[in-house]
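Biologist: Before we discuss the assignments, please show the sequence and the structure.

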Amino acid sequence: MAPALQLDHPENDELSGYRYRLLEGWVMPPEITDESFASSRNLPTRPTDICFVSYPKSGTTWLAYILVLLTQKKKDSLQTSYVWPESDRTFQGTAEDLALLDDPRIFKSHMPYHMALGTPARSPCRYIYIARNPKDVCTSYYYFERNQSWSGFFDGGWDRWFEMFIMGKVQRGDWFDHVLSWWEKRHQENVLFVKYEDLQKNFDSELKRIADYLHIEVNDAMVKEIRDTVSFSNMKTNKFSSLANRDGHTCFFRKGKVGSWREQFTAKQTEVFDSMYRDRMADTGLSFDFD
């Protein structure tokens with residue numbers, strides 16, 4: 001495994017402290033080792049397996065809770081109700097351990113399409129990718145990464161983070177490449193593409209779409225129960241899902257609303273990002289709500 005690297009501060013060459021490693025050209029957290037990545041990508045999967053995938057801070061934990069409730073796989077905590085094999089910080093088991101898990105197995109991944117668990121192009125596993133508008137992702141990710149052990153206690157400030165994000169030099173790499181790698185595969189039978197903003201605005205219909213994809217029957221009472229259980233206020237305070245104190249975080253969730261980026265972006269940053277967004281998303285057919 002290559003050693004963890006650090007990014008230099010552009011103005012004064014002092015280390016901003018942000019840690020990462022390169023894996024197949026992608027900026028990744030140091031704990032994504034060659035061994036854990038290979039084990040995850042080559043994992044033998046089953047038609048009953050479910051893998052939820054996202055770029056970080058895109059509603060991943062929200063989707064995880066929904067899937068745990070839909071499949072009735074709730075255990076002691078949300079974290080123990082699914083498995084994240086690609087990170088050796090979260091999973092120290094073996095392929096034999098995974099083979100012993102009861103169906104349906106629920107997996108997590110933060111990888112682009114070609115690097116995801118089980119290799120989606122040839123896997124019978126069912127993948128659900130959730131995407132969120134990139135301005136809110138950039139903002140939420142900044143507050144998640146700063147001063148944390150896994151990011152090298154990054155202290156470069158918001159302006160530095162913004163530059164790193166638009167250059168694709170944050171852990172998990174370029175947002176556009178990541179999201180579009182899954183969007184381009186949305187018509188495959190084993191891929192369902194979900195947008196965070198749609199789930200917020202039309203929760204019931206989006207939940208039923210997810211349930212249909214997984215061949216799970218739900219009625220109105222079940223939909224209401226899941227909706228109430230996974231509400232932001234409940235997830236933030238519920239010990240099962242709050243993930244408080246996880247790796248030093250006093251609170252895993254921040255605001256969970258659409259449009260929080262407006263409190264962070266300067267007018268110039270908005271102009272720069274909007275121009276990049278127009279160029280990178282042109283002719284893709286994919287768009288996001290920013291408010």
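Modeller: The largest nonpolar core has 53 residues, and Trp161, Phe165, Trp175, Trp182 and Phe288 have the most contacts inside it. A nonpolar core is a set of buried Ala, Val, Leu, Ile, Met, Phe, Trp, Tyr and Cys residues joined through side-chain atoms within 4.5 Å. Apart from this core lies another, of 32 residues, including Phe52 and Tyr196. This is a predicted model: local features need pLDDT of at least 70, side-chain atom pairs count only at pLDDT 80 or more, and totals for chains, interfaces and linings use all residues. Residues are numbered from 1 along each chain as its sequence is written, and side-chain values use heavy atoms, with hydrogens and water left out.

Biologist: Why does glycine 17 count as buried?

Modeller: Buried means under 20% relative accessible area, exposed over 50% and partly exposed in between (1.4 Å probe, protein chains only). Glycine 17 has 10% relative accessibility and therefore counts as buried.

Biologist: What makes helix α6 mostly covered?

Modeller: In helix α6 (residues 175–183), 8 of the 9 residues are buried, among them Trp175, His178 and Trp183. Helices (H or I, at least four residues) and strands (E, at least two) are DSSP runs, numbered from the N terminus.
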